[in-house]
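Please look over the sequence and the structure shown here, and then read the briefing below, which is arranged by topic.

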Number of protein chains: 2
Amino acid sequence: MATLRQDPTTKEWIILAPRRAERPAAYSPFPRDPLPQRDDRCPFCPGNEHQTPPEIARVALDGAWDQRVVPNLFPALEPGGSLEREDAAGLFGEMGGVGSHEVIVESPVHGERMDEMPLERVARVIGLWRDRYLTLKADPATKGVIVFKNFGERAGTSLVHPHSQIVATPVFPPDSLRRYAVATRYFDDTGHCVYDDLLEAELRREERLISKVDGFAAVAPFAARVPFETWIMPLRHQTSFGHLQDDLVSALAELLRGMLGALRRVAGDPDFNVVVLSAPSHEEWKPFFLWHVRILPRLATAAGFELGSGMYINTVSPEASARLLREALAGVGTG
Amino acid sequence: MATLRQDPTTKEWIILAPRRAERPAAYSPFPRDPLPQRDDRCPFCPGNEHQTPPEIARVALDGAWDQRVVPNLFPALEPGGSLEREDAAGLFGEMGGVGSHEVIVESPVHGERMDEMPLERVARVIGLWRDRYLTLKADPATKGVIVFKNFGERAGTSLVHPHSQIVATPVFPPDSLRRYAVATRYFDDTGHCVYDDLLEAELRREERLISKVDGFAAVAPFAARVPFETWIMPLRHQTSFGHLQDDLVSALAELLRGMLGALRRVAGDPDFNVVVLSAPSHEEWKPFFLWHVRILPRLATAAGFELGSGMYINTVSPEASARLLREALAGVGTG
């Protein structure tokens, strides 16, 4: 029989219904075309810089760029304009699409995946995420900043050149508000951060712990919504992703890269999203929240049940997921 | 520039960023294999009844079945067992997967799509949805009942034989709780049901109204999350789907079938989900909520931004969607 598990950080239940054989062979590999080092038609490849809107930032290395930050050519939100709501008290509340939507080109190499990048490159990407997060957050119009990466068509991208994105919104993202409300309630009840308590419990129990390194732990969350969901959490309390210290960027880069490689080996190289969750703007120094990185593989499709209920059915237990990812992570570099 | 719109029934903002040419030709048709009338390997085809778990209900017609209700072979939830929570006050709340998960086989014809079914057949399917809804809801263990239909792989199904599903959960589905809280707040503020007020406003404005028939209206919601999202709402206040009267089933069947056909012609025959939203169990006679049916085409993929924020980016304006669907609906039977 299935079980229901409640996520203590949202108070929402998920359905855990393990069904598949929990072995790597159970996952048919996602189809991937072999990619060249360079593609003339790719707007993110060196030489095609004129195909993107004017550059916001770049990291230069040996006279060439290694990362670029550019506005999204089809932005969901754009800087400037009024923040006034129309019909705010009525049924048809509306406001201008004020905000930002940036793309981080992660590498000059067209076919390079994050799990295959040199460590220093991943670290530079994460450094850029943090720097752009801080810059966008500093705008008084900003109420939420979402850093994310889409890998593969099932994760919502058709551009294969390695890239990530960062969006600043002029309203509080609803998931962020909800998580923060639960964390505030928990703090008021216990005097602790729910994420800190959760991490401490997972470090003690070990069964859902995938890896612990200096500064970070990777955990399969107790109430994972999707197979092989992974949270990378800082070991020392930090509310905002903007507070990530320089001397920890490299450790995060190594763990993120390692987890993506482990996922690839364990689960048939699935499409995935990476998202960075942080406290809502203006709540960045309160002790209620812990920023963290989530890896969300796209092995399952949200169907009518999920869309109608907000509940998720997960077919792989977090304990099995942790064991498989732990083994795969330990095998890095030995194959 | 994009605009943000707030859904008055959830208070959540979506981003409306029209981008595509808003014409049918802008949508590449979803690939569909031509389907036979019967498939020997299909567990839902006549003659293969032994391949499903024992039947719960059937509609017989001329000595054969026209619809069957059977337990899902891989149920997310199953009847029986304890409703006790473990570690309810702690970080790892868990309970047994108590509930029900049923499949409604909608037709004996393997390759028959709902938009091509005889009207009486669609009406029988909706009648079964309502009857099973009432039966499952009557169980004191039930806290939510989700009726849904997945059409196509992007909507979460690989079985092509026409079918829908119904799940009874032992916890309140979080989306249902949230919607109900907003509707209760609105009622306390205004003395009205927010859905009734919304429907009245849409009937008056007409720009997002797709169709109005005896008993029901189809509307493109003001803050649609996805392109061509459609709500079919009863014109007379009814909190619970279980209260749908027999004499209105046929009108609902005709409008639902018509909308699915219109969607097919307008948007390249996309995969889609249908979900029936109703009041939470035990709140079925309070005037805060209006049950309705949602059609959710799967033309877009929720990516890292959506997963990290809970906000949706919609690239087709509800006004354009309503106009196109209205035109396509008017063209039914004239092609």
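Helix 2 of chain B and helix 3 of chain B are roughly perpendicular to each other, a label given to angles of 65 to 115 degrees. This is a predicted model, in which local features need pLDDT of at least 70 and side-chain atom pairs count only at pLDDT 80 or more, while totals for chains, interfaces and linings use all residues. Residues are numbered from 1 along each chain as its sequence is written, and chains are lettered from A in the order in which they are written.

**Helix packing**
- The axes of helix 2 (residues 174-190) of chain B and helix 3 (residues 194-205) of chain B cross at roughly 80 degrees and come within 9 Å.
- Arg179(B), Ala183(B) and Tyr186(B) of helix 2 of chain B make the contact with Val194(B), Tyr195(B) and Asp197(B) of helix 3 of chain B, where contact means heavy atoms within 4.5 Å.
- The residues of this contact divide into four nonpolar, no polar and two charged.

**The two copies**
- Chain B is superposed on chain A by a rotation of 180 degrees with 0.0 Å of shift along its axis (RMSD 0.0 Å), which is the relation of a two-fold axis.
- The copies meet through the same surface, because 100% of the interface residues of chain B are also interface residues in chain A.

**The second largest pocket**
- About 560 Å³ of space lies in the second largest pocket, a pocket being an open set of points on a 1 Å grid, where a 1.4 Å probe fits, with protein on both sides within 12 Å along at least five of seven lines.
- Among the 26 residues that line the second largest pocket, the closest to its centre are Arg32(A), Asp33(A), Leu35(A), Gly152(A) and Val160(A), and lining residues have an atom within 4 Å of a point.
- Strand 7 (residues 144-151) of chain A gives the most to this lining, with three residues.

Key: Heavy atoms only, no water. Points joined across faces, edges and corners; volume = space filled by probe spheres on them. Helix = DSSP H or I, 4+ residues; strand = E, 2+ residues; numbered from the N terminus. Axes fitted to C-alpha atoms, helices over the stretch in contact; angles between N-to-C directions. Parallel < 35°, antiparallel > 145°, perpendicular 65-115°, else oblique. Nonpolar A, V, L, I, M, F, W, Y, C, P; charged D, E, K, R; others polar. Least-squares fit on C-alpha atoms with pLDDT ≥ 70 in both.
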